[in-house]
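Please keep the structure in view while reading.

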Amino acid sequence: SPELENKIITTLGAKGARYRGALYPVPEVEVIDRSGLGDSFNVSLVVKYVNNGGDIEDAIQFGNKIATINCQKKGISVIEDEDWAALGEINW
């Protein structure tokens with residue numbers, strides 16, 4: 001139903017994510033490993049959402065950034081200090 005569709009964030013892999021008909025793209029990068037990307041996207045989205053006063057669009061874009069970083073690393077990984085610096089984000 002359209003009402004349900006307005007509540008779902010759909011991840012699209014290399015195409016980014018979709019929410020309420022809007023596409024939130026990601027840059028094209030070399031994918032090394034897809035392990036844990038859904039978890040990386042979801043947890044970073046939630047943390048950003050809670051810390052930014054409920055701005056879902058900002059949270060989706062942040063989730064995309066974290067998943068993009070992680071897909072370029074081998075295995076399950078963490079965001080390192082240099083990753084945070086490149087993002088311009090504070091390491092919570």
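A search of the whole structure, a predicted model, finds 0 aromatic pairs. A ring does take part in another arrangement: the charged end of lysine 48 sits over the ring of phenylalanine 62, 5.0 Å from its centre.

**Packing of α2 and α3**

- Helix α2 spans residues 37-51 and helix α3 spans residues 56-70.
- Their axes come within 8 Å and cross at roughly 145 degrees, and the crossing is right-handed.
- On the α2 side, the contact is made by Leu37, Ser40, Phe41, Ser44, Leu45, Lys48 and Tyr49.
- On the α3 side, the residues are Ile56, Asp58, Ala59, Ile60, Phe62, Gly63, Asn64, Ile66, Ala67 and Asn70.
- By class, this contact of α2 with α3 has 10 nonpolar, 5 polar and 2 charged residues.

**Glycine 63**

- Glycine 63 belongs to helix α3.
- Glycine 63 counts as buried because its relative accessibility is 0%, under the 20% cut-off.
- Leaving out residues up to four places away in sequence, glycine 63 touches Phe41, Ser44 and Leu45.
- Serine 40 lies 23 residues from glycine 63 in sequence, with 7.1 Å between their C-alpha atoms.

**Asparagine 64**

- Asparagine 64 is also part of helix α3.
- With 6% relative accessibility, asparagine 64 is buried, since the value is under 20%.
- Its contacts, not counting residues up to four places away in sequence, are Gly16, Ala17, Tyr24, Pro25, Val26 and Phe41.
- Phe41 is touched by asparagine 64 and by glycine 63.

Conventions. Residues are numbered from 1 along each chain as its sequence is written. This is a predicted model: local features need pLDDT of at least 70, side-chain atom pairs count only at pLDDT 80 or more; totals for chains, interfaces and linings use all residues. Side-chain values use heavy atoms; hydrogens and water are left out. Rings of Phe, Tyr and Trp (its six-membered ring) pair if their centres lie within 6.5 Å; planes under 30 degrees apart count as stacked, over 60 as edge-to-face and the rest as tilted. A charge sits over a ring if NZ of Lys or CZ of Arg is within 6 Å of the ring centre and within 35 degrees of the ring normal. Axes are lines fitted to C-alpha atoms, for helices over the stretch in contact, and angles run from 0 to 180 degrees between N-to-C directions. Helices (H or I, at least four residues) and strands (E, at least two) are DSSP runs, numbered from the N terminus. A crossing is left-handed if the near helix is turned anticlockwise from the far one by less than a right angle, and right-handed if clockwise. Contact means heavy atoms within 4.5 Å. Ala, Val, Leu, Ile, Met, Phe, Trp, Tyr, Cys and Pro count as nonpolar, Asp, Glu, Lys and Arg as charged, and the others, Gly among them, as polar. Buried means under 20% relative accessible area, exposed over 50%, partly exposed in between (1.4 Å probe, protein chains only).
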